[in-house]
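Subject: Structure for your review

Dear colleague,

My notes on it follow directly after.

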Amino acid sequence: MPKPSHDESKDPLTVTPPKRWAAGVPAVVHALEYSLEQTSPVRAGTTLLTMNQVGGIDCPGCAWADPAPGHRHRNEYCENGAKHINDEATTRRVTADFFREHPVSDLAQRSDMWLNHQGRLTEPVVKWPGSDIYEPISWNDAIGLLAEELTSLDSPDEAVFYTSGRASNEAAFVLQLFARAFGTNNLPDCSNMCHESSGFALHETLGTGKGTVSLEDLHHADLIFLVGQNPASNHPRQLSALEQAKRNGARIIAVNPLPEAGLLRFKNPQKAGGIIGNGVRIADRFLHIRCGGDLALFQGLNRLLLEAEDDRPGGVLDHDFIRTHTSGFEDFSRHARTIGWDDIRSATGLTREEIEKVRDDVLRSERVIVCWAMGVTQHKHGVATIREIVNFLMLRGNLGRAGAGACPVRGHSNVQGDRTMGIWERMPDSFLDALQQEFGFDPPRAHGLDSVNAIRAMREGRIRFFLALAGNFVRAAPDSAVTEEAMRTCRLTAHISTKLNRSHTVCGRTALILPTLGRTERDFQAGGEQFVTVENSMSEVHVSRGRLKPASKLLLSEVAILCRLARRTLGAEPRIPWDAFEADYGAIRDRISRIVPGLHDFNRRVARPGGIRLPNPVNEGVYPTPAGKALFTCNDFDMPRVPEGHLLLQTLRSHDQWNTIPYTPNDRYRGIHGSRRVVLLNRADVTGLGLTEGEHVDLVGVWTDGTERRAENFQVVTYPTTRGCAAAYYPETNVLVPLDSVADTSNQPTSKGVVVRLEPAGRRTAPAPQ
């Protein structure tokens, strides 16, 4: 068999001008084309017409909030949501015959897109030590193999239990309960790699790691900042909320190194104006900031607001809010005035006049919201940037009231719910105490491993067992070569999955793939048909109920797999009713209701249309910090430093991609067609570096310890990004992100701040990374 190419696309790269608007008729057409390629019209109709409806299937894609019941469109989904749900509902199947035809060594050469397109997994399979083939194994034997490995460990801390945002609340709760009853807090999750900086910064300053705004707040804000995010591709239904805000009179400021189509103009395909009209202009002001300059931008804004207060005492700052609800203002005020304008200009690439115009927008606005995503969090100074955003909001009292607040936009459907359910390596003692009281065992108190530290521990030989509940760990993680080498040191790796991905080809000595029901599928257990719950970015917990026949009779639900594993591993102690949990997920929710604040009477309340809005203490005027108030912080100026002849690379998604999986090799809004191995550069940088459009180059990542990492054979595409900044798609460029390049405090990989140089493809001037 000839060795397959990494990129399965047979079409050459073609480049068209970037789009100046998003959605419209093309979005509908592309969504339907992809859906019908994957599944039948009847199945596609079933998923789409029930998607994000009360009692229907919650989108397995992003975590954007749904409008209130009675205000939802009949087609309450976006292009990418339609693709994502029908990608899961596909009629393609991966069987034992497939694995016999495709050894692991063959699968390891295939692209992420090719692996995903093979279809749904249908039965549990195992790769034994020394074998190159996955072969069928019974569920009983698979669970027994996992339990035997766990009970043979010298310490529970030799096991790692990873969770993706695709997991339901019920599955996440069962997993963390099992891990802690087993004796470890090693519970890394995908949030470690996307919004960990948000959680740390908000916990420190406000006492809660979650955003403070609702969909209604967005609709009625006067001014909305969109910082380091691309709604059109990553959470497209946010554009509908922004459209509503604009119609209600809001101004919107986009802060991004790249012009993004959805931030320019939105043609809502659910409205006539989005089909035949020009749509709605989204960004009133677009700040083409330098990558990593957001901290300096908000430091500059805060200094300008303080100086405006000097000129108009009592007319700019909300002194009542500052006096009543905050601590540390005087120290912050002195520190903010020390940030120099030369530094601010250098970090942002913006003039003082541009930032002053933003200040004027702020002064005209009573209600301000700041939204941000991974363009902020995935920097070394990501935590400091979010703390500075909180300073900005507090200066004019834009917390704890309608139409104002902090809005971290989560990228995966239940990643926030995972954390609420206890998926965190450092859950507070209050949660662990509640587990102890409810189940009669003392959970471990020592902090466990997050994603980066789990990889480090594997590399050092301290981890023997790795179990992933959904996700694609090796492609989501940084430093791809290091991560894969570390995973292969495990004695056993196991993945609870719906479809093939790269992680299944990176095996421990023994490897298992455990196929599970998708969110689209009906789930029958001994107690009858079940539903699950999820939590969105705005702390709303609601029902998701599958509607399709399962892809295989051999599939088990996530909850069933975990309950059976817990029962086999732990036996009768502690006295946790795993059988009852598997039979009826309502029994799980009953226990959650006594452990998680805000979810009391869980089963009854979540059944109501719209579900449950979890309380946020900030909106009650309560700040559960040690000081009992919101904290102003003093954040040192910081910016990425790039040597001469180098660029600052940010990794990003294409439009036709969800998390680590591309659906096609295209990025329609950015005008990229037929290839993902491209690097987007400002035309001045192309000229200055002596490159030409379409030239093939290697991206060479330069790290502080002198080691270099290389991503090979990318084509140069000129693009209106900020000068000195480059962009390329992940996961192909994760190889360039050093494992030890992490955000201060949060330990989150710095995938938006990679220093690279470009070399002609195939011409190495330095040793390959070790």
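The notes below cover helix packing, individual residues and backbone geometry.

Please bear in mind throughout that this is a predicted model.

Helices α8 and α29

Two packed helices are described by the angle between their axes and the distance between those axes. For helix α8 (residues 169-182) and helix α29 (residues 585-593), the angle is about 65° and the axes are 10 Å apart. Angles of 65 to 115 degrees count as roughly perpendicular, and α8 and α29 are therefore roughly perpendicular to each other. The crossing in which α8 passes α29 is left-handed. On the α8 side, the residues in contact are E170, F173 and V174; on the α29 side, they are Y585, I588, R589 and I592. Sorted by class, this contact comprises 5 nonpolar and 2 charged residues, with no polar ones.

Helix α29 is mostly covered, with 7 of its 9 residues buried. The buried residues of α29 are Y585, G586, I588, R589, R591, I592 and S593. At the start of α29, the backbone nitrogen of G586 has a side-chain oxygen of D584 within 2.9 Å.

Residue E170 in α8

E170 belongs to helix α8 and takes part in the contact with α29. Is E170 buried or exposed? Its relative accessibility is 0%, so E170 counts as buried. The side chain of E170 makes a polar contact of 2.9 Å with the side chain of T533. Setting aside residues up to four places away in sequence, E170 touches V532, T533, V559, Y585, I588 and R589.

Helices α7 and α27

From α7, the residues W139, N140, I143, G144, L146, A147, L150 and T151 take part, and they meet I561, R564, L565, R568 and T569 of α27. The residues of this contact divide into 7 nonpolar, 4 polar and 2 charged.

Helix α12

Helix α12 (residues 238-247) is largely enclosed by the rest of the structure, because 7 of its 10 residues are buried. The buried residues in α12 are Q238, L239, A241, L242, E243, A245 and K246. After α12 comes G249, which has a positive phi near 105°.

Residue C507

C507 is placed in the loop between β17 (492-497) and β18 (510-515). With a relative accessibility of 10%, C507 counts as buried. Which residues does C507 contact, leaving aside its neighbours within four places in sequence? They are V104, K127, Y134, M487, R488 and T493. As for G448, which is 59 residues from C507 along the chain, the C-alpha atoms of the two residues are separated by 23 Å.

Backbone geometry

One joins E573 and P574, with omega about -10°; P574 lies in the loop between α27 and α28 (578-583). Another runs from Y730 to P731, with omega near 10°; P731 is found in the loop between β32 (725-729) and β33 (754-760).

Positive phi values also occur in residues other than glycine. For D601, phi is near 55°. D601 is located in the loop between α29 and α30 (602-606), and its relative accessibility of 37% means that D601 counts as partly exposed. N713, also not a glycine, has a positive phi of about 65°. The place of N713 is within strand β31 (residues 708-718), where N713 counts as partly exposed at 37% relative accessibility.

Yours sincerely

Note on methods
Residues are numbered from 1 along each chain as its sequence is written. This is a predicted model: local features need pLDDT of at least 70, side-chain atom pairs count only at pLDDT 80 or more; totals for chains, interfaces and linings use all residues. Side-chain values use heavy atoms; hydrogens and water are left out. Axes are lines fitted to C-alpha atoms, for helices over the stretch in contact, and angles run from 0 to 180 degrees between N-to-C directions. Helices (H or I, at least four residues) and strands (E, at least two) are DSSP runs, numbered from the N terminus. Angles under 35 degrees count as roughly parallel, over 145 as roughly antiparallel, 65 to 115 as roughly perpendicular and the rest as oblique. A crossing is left-handed if the near helix is turned anticlockwise from the far one by less than a right angle, and right-handed if clockwise. Contact means heavy atoms within 4.5 Å. Ala, Val, Leu, Ile, Met, Phe, Trp, Tyr, Cys and Pro count as nonpolar, Asp, Glu, Lys and Arg as charged, and the others, Gly among them, as polar. Buried means under 20% relative accessible area, exposed over 50%, partly exposed in between (1.4 Å probe, protein chains only). A polar contact is a pair of N or O atoms within 3.5 Å; within protein, one must be able to donate a hydrogen and the other to accept it, and residues adjacent in sequence count only if both atoms are side-chain atoms.
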